[in-house]
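Please look over the structure below and read the report that follows alongside it.

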Amino acid sequence: MHLGESTRECEYSQISTRSSTPMETPYKKKTPKKRKWETFPGRNRFYCDGRIMMAKQTGVFYLTLVLILVTCGLFFTFDCWFLAEQLTPIIPVIGAVLFLFVIGTLLRTSFSDPGVLPRATPDEAADLERQIDVANGSTGYRPPPRTKEVVINGQTVKLKYCFTCKIFRPPRASHCSLCDNCVERFDHHCPWVGNCVGKRNYRFFYMFILSLSFLTVFIFAFVITHIILNSQRIGFLSALKDSPASVLEVVVCFFSVWSIVGLSGFHTYLISSNQTTNEDIKGSWSSKRSKDNYNPYSYGNIFTNCCAALCGPLPPSLIDRRGFIQSDAPQLAPPTNGLPMYGSTQSQQSHKQVNTVDCHLQAKAAHCDCPHNSGVLLQGVAHHTGRGPEPRTEAESHVRARFGAAAARQIHLKARGGGISSSPWSPLQIILMLGLN
Amino acid sequence: MATEFHNLQELRRSASLANKVFIQRDYSEGTACRFQTKFPSELESRIERTLFEDTVKTLNTFYAEAEKIGGQSYLEGCLACATAYLIFLCMETRYEKVLKKIAKYIQEQNEKIYAPRGLLITDPIERGMRVIEVSIYEDRGSSGSSSGSSSVSGSTAR
């Protein structure tokens, strides 16, 4: 993060958590309830009413799908008959099993939530800002990049503050600039699967590339076998003319084998040493950095690392995509003039506060070199200052219903009911076979 | 100022939200879900230290149980993989079962311990497992606008 040129204009100000008063926005009871995915602040695409979640750019994913489907289709149509007759019918069966496994894991990787961390609620963000202020001391300048150090298993790890999500990122989490989300145990953003690869879908990704390597090698080997066996009977050129599709398959498989087998090997290494692609590229745990540098997350032996990555418990999704956006909950007001004011008593103050925040944020976005898309910062705030958290128990809902009208939307920020995806987690109802949590 | 609420209904009727305290995650043992057991100063006048610490420690135990890597989780993982994850159409993952237990525990704690003291704990899953949010309520009748000032830390920096 760099300080803006005109730091005076980039005056650091507190996040406003105050929404407008009940008088300004009459609550429309007849509006149909929206699901949370419709107001998700990240740059993701949702399908099937929130059941499927992908990145914004999905072109390459369709290419992957087409390549796999076409190659396998050609293999089953043209080569399998010959191989089943000449060798054994088990070959198409194994091919089919591999193909289904590949498609299954691909769709599972692409469609599931990689482990997105929901953005902080306005109250949380304000609380963090207060704590950071206390730590830095208010100087009137924009504060330096925020980090927190924590010691994990003897290694000092720096936790960075994410300006978009307004949280201190947990260790191993990273912000994906393409999807504009913080993802837990972020590995990389894979355009081939059209999604980020993170904590929740890493095992599916690994199984996808592993099974795809087997499938590619399998098809390659048996298409070559087919051509050789056929050319022994009718000659090489005739064999090629007989099944031109085989030539295409060989070409596709030949080029795929190198990259996919290589990638599988690389990820096998990563899994066995319990690292992410991100950490490996940065050399975070490399012994070249310093003699005492070691990976604090590794379990010590390869077998345990592999088991933990592939067979460990699958955490649930933290963003409740299909939950309904509830009516607004009470939020705390920011302190004004050093004195905190609570309840619904400060209508004028709230507007001024919010307008100030708006201007400051625009200044921030304009002048500051933010690693994340600064333009989204405003949008992020607009989303943040919309709805509040949802009640989970009956008692809480009663308490909050009382203040429902009090925490309405901020009209001038055009918050379209932008809710932080703070989620009452609901039991899984996986509809698609290869759907997701 | 100790405001007494005899039950959640009373809290409902006469309370207003005064402050929120956030218990952050404790990453000193890795990325597993664990919350700091440090007692926040804002709650000093509201609840006994031991009660609060017990709640947080129990929650930490629950999360550790959910994320435990052992025989049962391996079995579940392998079975799930073998059935192409279709098994989860019929049964819940262990993590989800534990999350339900946690939700029940938090509700119990709220009803028995926290609501009578004018506090309310929000399930961390609703906050993306980042924080345990403790909402502090003040009795509407007895508090004015300045009553919450003592419980806000750091605001004097402004």
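## Strand pairing in chain A

In this predicted model, Val116(A) stands opposite Val183(A), a residue of β8(A). The strand β3(A) is joined to β8 (residues 181-183) of chain A by 2 bridges, and the two run antiparallel; strands are DSSP runs (E, at least two residues) and helices likewise (H or I, at least four), numbered from the N terminus, and two strands pair if DSSP finds at least two bridges between them.

An open sheet is formed by 3 strands of chain A in the order β3-β8-β7, with antiparallel pairing. Its edge strands, each pairing on one side only, are β3 (116-117) and β7 (174-176) of chain A.

## Helix packing between chains

Helix α8 (residues 302-311) of chain A packs against helix α3 (residues 71-82) of chain B at an angle of about 55 degrees, and their axes lie 9 Å apart, the axes being lines fitted to C-alpha atoms over the stretch in contact, with angles from 0 to 180 degrees between N-to-C directions.

Among the residues of α8(A) that meet α3(B), with contact meaning heavy atoms within 4.5 Å, are Thr304(A) and Cys307(A), while Tyr74(B) and Gly77(B) are among those on the α3(B) side.

## Basis of the values

Residues are numbered from 1 along each chain as its sequence is written, and chains are lettered from A and ligands numbered from 1 in the order in which they are written. Local features need pLDDT of at least 70, side-chain atom pairs count only at pLDDT 80 or more, and totals for chains, interfaces and linings use all residues, while side-chain values use heavy atoms, with hydrogens and water left out.
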